[in-house]
Amino acid sequence: MGIYDRDYYRQASPAPPSYAPRSVVFVLIALNAAVWLADFFTPETSQHTPFGDILTGRWLSDHLGVHVYTLTHPLLWWQYLTYGFTHSPLKFGHILGNMLVLFFLGRDVEQFYGSKEFLRLYLTMVLFAALVWNIANKVAGDPDYVMAYGASVAIAGVVVLYALNFPHRTLLLFFVIPMPAWLLGALVVGYDIYGAMFGRSLGSNVAYSMHLAGAAFAFVYYWQRWNLTRLTEGRIRWPRSPFRRKPRLKVHNPEQEAESELAEEVDRVLEKISRQGEASLTAKERRTLEAASREYQRRGKGGKTD
């Protein structure tokens, strides 16, 4: 039997459209919109600063956002995720811009990686960027009333992943200017680098460093070909602990072990094809499939099967 006759290599049923309620992008947009609307029904909040009391927003966004003091208050570490679903109640453009990018680019990224992997990746970028920002601001000695919120950190990562996976697709900047996706990604990252370098001196209150952290994680994720689903579901083999009890002696069968390793590698490659498409395979992975196919054909012609 050839390798392409395996059950799990056959064409799976089409994935649901990315605008369906099952879509992670749809759920993320709905959740962000719900939090933003609910924030209007909470009281206004202000912070006492050396320059006087300043209006910071409303009660819900103030409590869901990540603060400088969050790092030293473990009971508030849930803010490392909730801030990513909170937006400024005073600026409608804040949530509108993020959700538009998530809608137009996030759907393709979700379909490329799969809904489970996309959700894990999205939340990890939110968490990673908050930790980077929190540690940096704490070391810099920023006052405790400084806070951050918004999905921009994950959106920056989505833009980078889209540009890396679909570099030659044409996108419309501001719905007017056509440009390839790789150029748009480069412009977004370049703008954030400029903002991180000169934003404070220009009086900007945008956390550009958080955007860069999200974009950097997305780039490393793509470059290293990580799979967060396999990691969180315990499907990655970790090195054995030196303190684990040694297994009993077994008869060493090199041929059987080689076949087992080949089967595991085939399963991994086929899973990659199902998730990312055949075009994503490396030359080594293609040779693995060819070798496995020849082995199964040999067995089908009366070769050794045990």
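**Close-up views of a predicted model**

**View 1. Helix H5 from end to end.** Helix H5 covers residues 115-140, and its 26 residues should span 38 Å at 1.5 Å a residue; the C-alpha atoms at its ends are 38 Å apart, which agrees. (The expected span is 1.5 Å times one less than the number of residues in the helix; helices, H or I with at least four residues, and strands, E with at least two, are DSSP runs numbered from the N terminus.) This is a predicted model, where local features need pLDDT of at least 70 and side-chain atom pairs count only at pLDDT 80 or more, while totals for chains, interfaces and linings use all residues. Residues are numbered from 1 along each chain as its sequence is written, and side-chain values use heavy atoms, leaving out hydrogens and water.

**View 2. The buried residues of H5.** Look for Phe 118, Leu 121, Tyr 122, Met 125 and Trp 133, which are among the buried residues of H5. (Buried means under 20% relative accessible area, exposed over 50% and partly exposed in between, with a 1.4 Å probe and protein chains only.) An α-helix has 3.6 residues a turn, so residues three or four places apart point the same way. Just after H5, Gly 141 takes a positive phi of about 80°.

**View 3. H4 meets H5.** The two helices pack at an angle of about 125°, with their axes 7 Å apart. That makes H4 oblique to H5. (Axes are lines fitted to C-alpha atoms, for helices over the stretch in contact, and angles run from 0 to 180 degrees between N-to-C directions; under 35 degrees is roughly parallel, over 145 roughly antiparallel, 65 to 115 roughly perpendicular and the rest oblique.) Leu 102 and Gly 106 are among the H4 residues at this meeting, with Phe 118 and Tyr 122 among those from H5. Contact here means heavy atoms within 4.5 Å.

**View 4. Inside the largest nonpolar core.** Of its 51 residues, Tyr 83, Leu 102, Phe 118, Tyr 122 and Met 210 touch the most other members. (Such a core is a set of buried Ala, Val, Leu, Ile, Met, Phe, Trp, Tyr and Cys residues joined through side-chain atoms within 4.5 Å.) Helix H6 gives the largest share, 9 residues.

**View 5. Around Leu 184 in helix H7.** Leu 184 is buried, with a relative accessible area of 14%. Beyond four places in sequence, Leu 184 touches Leu 171, Leu 173 and Met 179.
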